[in-house]
Amino acid sequence: MTAPRLRAEPSIAHLDADAFFASVEQAQRPSLRGRPVLVGGTGPRGVVAAASYEARTMGVRSAMSMASARRACPQATVVVPRFDAYSAFSARIMAALRERTDAVEPLSIDEAFADLGTVRPGPDGWPGVARDLRERAVDLAGVPVSVGMGRSKLVAKLASAAAKPAGVVVVAPDDEDAFLLPMPVRSLWGVGPVSAERLEKIGVRTVEDLRGQPLDTLTMVLGEAAGSNLFRVARGWDDRPVAETRERKSAGAEHTFERDLHGRAEVAAQLPAVAEQAFARLERHGGAARTVTVKVRFAGFSTVTRAVSLPSPTADRAALHEAAARALDLVELTEPVRLLGVAFSGLSEHAQLMLDLAGPAGAAGAAGSAGAAGAAGSPADADDAEALRPVARRRRGRLRVEDAAPGLDVRHPTHGRGWVVNTRDDGRVAVRFETAATGPGRQIWLDPVTEEVELVGALGPDGAELPDAAAADDPDGEDT
Ligand SMILES: [Mg+2]
């Protein structure tokens with residue numbers, strides 16, 4: 001195996017927000033600043049999606065069950081995720097990168113690679129470039145981020161991890177060995193607990209130990225692909241380019257039938273297969289969708305589309321199949337049908353998280369994509385739907401106590417904007433009235449039966465109302 005040609009400058013950046021969801025909550029709710037905050041599922045099987053640094057010092061980590069997180073940090077404020085807010089903050093973070101280059105490759109909602117090879121460093125060199133980038137992202141989004149830079153993606157990502165929280169680390173090519181060699185192998189991409197254990201058995205704990213191993217030993221211990229990959233990683237051999245990515249608008253499938261379908265039962269029977277094909281495409285893009293559109297072309301070639309929007313993006317197969325069935329119900333089937341299509345849009349890569357938040361059972365159920373099309377209704381799917389309920393609440397309209405999940409945005413005619421802190425068995429809801437612009441606000445117990453409290457969408461990073469995603473969806477505008 002030979003070394004690839006690597007660039008001479010540390011011009012690949014990896015930008016990563018710190019405790020992103022929790023940081024957005026702290027940015028928008030001044031009373032939470034400097035306090036432990038847990039974002040995640042609040043149901044019995046809920047999982048922590050993000051923990052603020054104040055909570056991390058108490059031993060809380062993301063992906064921990066919410067129950068154990070609460071035990072570890074009983075003083076923490078627990079809120080459900082608000083993806084409308086996170087998406088808006090994410091766009092600002094990505095914008096800071098896109099100001100500098102088109103070569104931006106998002107990895108998730110809050111981290112991305114950028115190729116800054118076209119940037120000319122000033123007198124402060126690459127560290128100056130990294131600091132400027134970090135400051136710009138913080139200015140635009142108002143949440144803490146960290147920036148790592150190196151001559152490869154591998155090093156840039158490890159550098160941003162080393163820079164956390166709220167720092168920059170630039171690894172010059174000459175310093176790469178000093179940076180990499182002392183690292184535990186567990187911190188490397190592609191080294192999970194199983195590989196780490198196998199490596200430990202042959203005495204490999206650090207990258208330096210790893211570099212001492214011949215290629216054939218590594219492939220024998222870890223298999224061909226993983227072994228040769230780690231052989232390269234140990235040497236910093238990574239010449240993968242930053243892939244310029246444009247977000248896909250939709251994933252879909254259509255089927256034209258050999259003979260026209262007559263009647264609702266016949267059309268409905270064909271729907272699961274088409275939806276499953278669309279779902280397979282969605283999965284290939286690692287995506288999740290919020291809006292499910294069904295397209296029907298009649299024998300006379302007129303076409304009708306109907307869409308159903310879910311409360312939040314999901315990658316859950318059963319939920320998407322079910323939404324497709326509901327969309328088909330909205331189509332008036334007046335004549336024979338020659339074509340049936342299903343499209344998923346409002347795609348979001350990070351939405352897989354919605355499943356993880358619901359608990360391990362929900363996540364596992366969604367991961368299995370094989371099996372008969374249209375399995376909705378099987379006992380396993382019913383269980384998943386149950387697990388997803390906590391995050392699939394209604395988020396607009398008059399507040400009812402059963403919808404009052406902690407963290408949701410509300411508005412009151414006299415007190416203004418606030419967020420749900422808690423509910424009580426007597427049906428009262430605690431709301432803290434504050435926004436990023438007001439400073440820490442007062443908590444008031446309200447009775448949503450007598451008081452006009454309204455569930456509203458989140459505000460953006462600039463404090464302006466965000467457009468209602470559900471209203472903005474245009475089913476006819478999707479390319480199927
Ligand atoms: Mg992050």
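Select residues 37-40, which are strand S2; 3 bridges join S2 to S3, and the two strands run antiparallel. The model on screen is predicted. Within this pairing, pick Val-39 and look across to S3, where Ala-50 stands opposite.

**The five-stranded sheet**

Next, show the open sheet of 5 strands, ordered S5-S6-S1-S7-S8, in which the pairing is again mixed. Strand S5 (104-108) and strand S8 (168-170) are its edge strands, and each pairs on one side only. Direction ignored, neighbouring strands of this sheet are turned by 15° against each other on average.

Inside the sheet, select residues 12-17 and 111-115. These are strand S1 and strand S6, paired in the antiparallel sense over 5 bridges.

Which strands does helix H6 touch? Select residues 153-163 to see: H6 packs on the sheet and touches S1, S6, S7 and S8. The direction of H6 makes about 145° with that of S7. Then turn to residues 83-98, helix H4, which lies across S1, S5, S6 and strand S7 (145-150). Helix H4 runs at about 155° to S5.

**A pair of helices**

Move to residues 215-222 and 224-233, helix H10 and helix H11. Their axes come within 7 Å and cross at roughly 140°, which makes H10 oblique to H11. The crossing in which H10 passes H11 is right-handed.

Show side chains at the contact. From H10, select Leu-215, Leu-218, Thr-219, Val-221 and Leu-222; they meet Glu-224, Ala-226, Gly-227, Ser-228, Leu-230 and Phe-231 in H11. Colour these by type, and the contact divides into 7 nonpolar residues, 3 polar and 1 charged.

Go on to residues 416-423 and 429-433. Strand S15 and strand S16 run antiparallel here, joined by 4 bridges. Val-420 faces its opposite number, Val-431, in S16. The hairpin of S15 and S16 has 5 residues between the strands. Which residue of this hairpin takes a positive phi? Select Gly-427, where phi is near 90°.

S16 and S17 pair in the antiparallel sense over 5 bridges.

**The whole chain**

Finally, zoom out and show everything as a cartoon. The protein chain has 17 helices and 18 strands. Of its 480 residues, 45% count as buried. Among contacts in the chain with a separation of 6 or more, 64% come from residues 24 or more positions apart.

Terms used:
Residues numbered from 1 in each chain as written. Predicted model: local features only at pLDDT ≥ 70, side-chain atom pairs only at ≥ 80, totals over all residues. Pairing = 2+ DSSP bridges. Axes fitted to C-alpha atoms, helices over the stretch in contact; angles between N-to-C directions. Parallel < 35°, antiparallel > 145°, perpendicular 65-115°, else oblique. Left-handed = near helix turned anticlockwise from the far one by under 90°. Contact = placed C-beta atoms within 7 Å. Nonpolar A, V, L, I, M, F, W, Y, C, P; charged D, E, K, R; others polar. Buried ≥ 20, exposed ≤ 12 C-beta atoms within 10 Å, placed from the backbone.
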